[in-house]
Structure formats: C-alpha cells, structure tokens
Amino acid sequence: WDLSICLLHAVFGGDCLSSDFLNVREGWNSSDAGYDTSELMGYTDVVDGALFEEASAVFSEQLHHYGLSYESCQLCFQQAQQGSTER
C-alpha cells in the first residue's frame with residue numbers, strides 16, 4: 001500500500017498526507033494474519049490469477065519508470081508522518 005501511495009504522488013503530484021496511509025475500508029477480517037484458504041481445497045481462480053499477475057507487472061513497471069522503491073519513497077513517508085491528516 002505504501003508504495004502505491006508514493007507512486008500516486010509521483011504521477012499526480014501533491015503532498016503525502018498521513019491520511020493517505022490509513023485503512024479507511026477495514027473489512028471484517030482486518031487482522032494482520034492471512035486468510036485460511038484450506039477450505040478452498042486447492043482451488044485457484046485462473047482468470048483472477050492472470051489479472052493479478054498483469055496488475056502486479058504494471059505496478060512494477062510503473063515503479064521502475066518513476067524510479068521508486070521503499071528507499072526512494074522515504075521522503076513521502078516522512079512527509080506524511082510530519083504533516084496533517086486534512087485534505
């Protein structure tokens with residue numbers, strides 16, 4: 001999530017805000033633990049998997065295009081920690 005926010009600001013500009021990093025749509029399973037997928041009994045959604053792979057590739061390409069990484073995004077992260085949550 002953090003890198004996607006950094007990418008958003010690299011593409012469209014604007015200050016990184018602490019509110020950008022909040023989970024405002026927390027679902028019923030909001031723990032840090034992963035989901036128990038055992039009830040799927042090994043089922044994988046081929047179409048969803050292909051879509052996820054393509055979206056991940058596009059995201060990685062965009063990070064590379066803008067020269068972004070966790071290291072290079074530190075300024076955005078620090079700016080959000082020091083700034084306001086107002087929009």
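Axes here are lines fitted to C-alpha atoms, for helices over the stretch in contact, and angles run from 0 to 180 degrees between N-to-C directions. Helices (H or I, at least four residues) and strands (E, at least two) are DSSP runs, numbered from the N terminus.

This is a predicted model: local features need pLDDT of at least 70, side-chain atom pairs count only at pLDDT 80 or more, and totals for chains, interfaces and linings use all residues. Residues are numbered from 1 along each chain as its sequence is written, and side-chain values use heavy atoms, with hydrogens and water left out.

Start with the overall plan. The chain has 3 helices and 0 strands. Read from the N terminus, its elements run α-α-α.

Now take the first pair. Two packed helices are described by the angle between their axes and the distance between the axes. Helix 1 spans residues 2-12 and helix 2 spans residues 46-65. Their axes come within 11 Å and cross at roughly 55°. That makes helix 1 oblique to helix 2; angles under 35 degrees count as roughly parallel, over 145 as roughly antiparallel, 65 to 115 as roughly perpendicular and the rest as oblique. Which residues meet? Leu3, Ser4 and Leu7 of helix 1 meet Phe59, Gln62 and Leu63 of helix 2. Contact means heavy atoms within 4.5 Å. The residues of this contact divide into 4 nonpolar, 2 polar and no charged.

Next, look inside. Buried means under 20% relative accessible area, exposed over 50%, and partly exposed in between (1.4 Å probe, protein chains only). Of the 87 residues in the chain, 17% are buried. In helix 1, the buried residues are Leu3, Ile5, Cys6, Leu7 and His9. Their cover includes helix 2 and helix 3.

A nonpolar core is a set of buried Ala, Val, Leu, Ile, Met, Phe, Trp, Tyr and Cys residues joined through side-chain atoms within 4.5 Å. The largest one has 10 residues, including Leu3, Cys16, Leu63, Cys73 and Phe77. Helix 1 and helix 3 (74-82) each supply at least two residues of this core. Leu3 also touches Phe59, Leu63, Ser69, Tyr70 and Cys73, leaving aside neighbours within four places in sequence.

Finally, follow the backbone. Just after helix 1, Gly13 takes a positive phi of about 85°. Met41 lies in the loop between helix 1 and helix 2. Its phi is near 50°, a positive value in a residue other than glycine. At 76% relative accessibility, Met41 counts as exposed.

Key. Ala, Val, Leu, Ile, Met, Phe, Trp, Tyr, Cys and Pro count as nonpolar, Asp, Glu, Lys and Arg as charged, and the others, Gly among them, as polar.
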